[in-house]
Amino acid sequence: MEDAPLAVERPTGEGAVAARSTVWQRLGGGSLTVSLIIHALVILIAILIVRTVITSPPETIDFLPGGGGGGKGSDARIAEKRRAAAVSAPRMRTVSAASNAAVSLPDIQSSLSDFTSLSIAAPLGGGMGGGSGGLRGSGSGGLMGNGQGRGVGPGKGSGFISIPLIFGQKIDARRMAVVLDMSSSMYAFLPIVIKEVDKVAPGSIVILHYGCGLADDVVSNPGVEATTDKGFDKDRIITSLLESRNAAMNQRERAALFSLVQKRPKTFYVPSSGVGSTWIALTDSILKDVDAIYWFADFADGLAKGRVEDVSRKLRDRKQKLYIHPSNPKWLEPGDPLAANVATIDGQIVQATGGKVLKVDLKKQPKADDKP
């Protein structure tokens, strides 16, 4: 009997896998394949990124037309540029909105030079202004065109905003009012002062008073009235002006001065109640918003201690400086009554409020008959 063939035992598990391995697999071809695939993907991604950067279209430049046509700009970009221009534009401040502020020109700092020039002034505050602007243009494509731009901005100021110089003397204030002695000894000076105030500080409040005393007399209903109101031409200020025989001015010049103060805007007067009621002009509520008061007078009228102290207290409470300008140079002579009055006002009001005595000698306006 022939022997049966022996059964060949087939390897199982890891031995079976090893038996079936090819030469490629035995050489590590599987890991190499995976590595090549990963590198190929990385190279492909890099090529796509480089191609995207190189082939990106150049940025389109949008022009902001200066009022003309031509070219199709991006509305969003144009709006953005306009907003940027608006942000960078300088803005101006309104310093005072009070309609009755006796103030001066427009914040930047300016000057009331020796009543002949304004050193640094600008039409700013205290007032309201409006304006309109327009842009027109036409063009035809190709980023070419022509246009025209225009802007109009009228404005109104209610006073003087500045740091003025009066006759070369600095007034440390931005809002100033003026009080003028309207007695006969002052007539020849007043046209000069008013004219120059209007040149450098148009819109400033001016208050007229007959005389320059500070008396304790009681005045019923103290206050000021506009020179445009009825009754001004009957007041002592005007009757004395027109009827005076003062040689400093002839009749025609006095009539011209009357017309000047009657028609000038923002000009007021204290109804006649004696030469000692100048305190009404200095402390009236119409001046509550000013920083300084310029008082031009000869200072020949009497002073009462109580009234001087009261004026000083009221001005200090309002933080207002008083600047006085004596018209008669005799106040510089020791022992002269004018010198005594100026010294009293200087010591108790001017210095107490931080003001100053202006030592400037004005020349009177020559008579018409003396003019060349």
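**Close-up 1. A nonpolar surface patch is made by Val 34, Ile 38 and Val 42.** In this predicted model, the patch made by these three residues covers about 270 Å². A patch is built from residues with over 30% relative accessible area and no salt bridge, where like charges are joined within 9 Å and nonpolar side chains (Val, Leu, Ile, Met, Phe, Trp, Tyr) within 5 Å; accessible areas come from the Shrake-Rupley method with a 1.4 Å probe, and for residues only the protein chains shown count as cover. Ile 38 lies in helix α3, which spans residues 29-54 (helices are DSSP runs of H or I with at least four residues, strands are runs of E with at least two, and both are numbered from the N terminus). With a relative accessible area of 48%, Ile 38 is partly exposed, a class that falls between buried (under 20% relative accessible area) and exposed (over 50%), again with a 1.4 Å probe and protein chains only.

Residues are numbered from 1 along each chain as its sequence is written. Because the model is predicted, local features need pLDDT of at least 70 and side-chain atom pairs count only at pLDDT 80 or more, while totals for chains, interfaces and linings use all residues, and side-chain values use heavy atoms, with hydrogens and water left out.

**Close-up 2. Asp 291 and Arg 175 form a salt bridge.** Side chains of opposite charge can pair when their charged atoms come close; a salt bridge here is a side-chain nitrogen of Lys or Arg within 4 Å of a carboxyl oxygen of Asp or Glu, and the structure holds 8 of them. In this pair the closest N and O atoms are 2.9 Å apart. The pair links distant parts of the chain, 116 residues apart, with Asp 291 in the loop between α8 (278-283) and β11 (292-297) and Arg 175 in the loop between β6 (169-170) and β7 (176-181). Both Asp 291 and Arg 175 are buried.

**Close-up 3. Arg 307 forms a salt bridge with Asp 310 in helix α9.** The closest N and O atoms of this pair are 4.0 Å apart, and because the two residues are 3 residues apart in helix α9 (residues 305-317), they are separated by about one helical turn. Arg 307 counts as buried at 13% relative accessibility, and Asp 310 is buried as well, with a relative accessible area of 18%.

**Close-up 4. Arg 313 and Asp 317 meet in a salt bridge.** Their side chains come to 3.7 Å, N to O, and both residues lie in helix α9, 4 residues apart, or about one turn of the helix. Arg 313 is partly exposed, with a relative accessible area of 39%, whereas Asp 317 is exposed at 54%. Arg 307, Asp 310, Arg 313, Lys 314 and Asp 317 are linked in a network of salt bridges.
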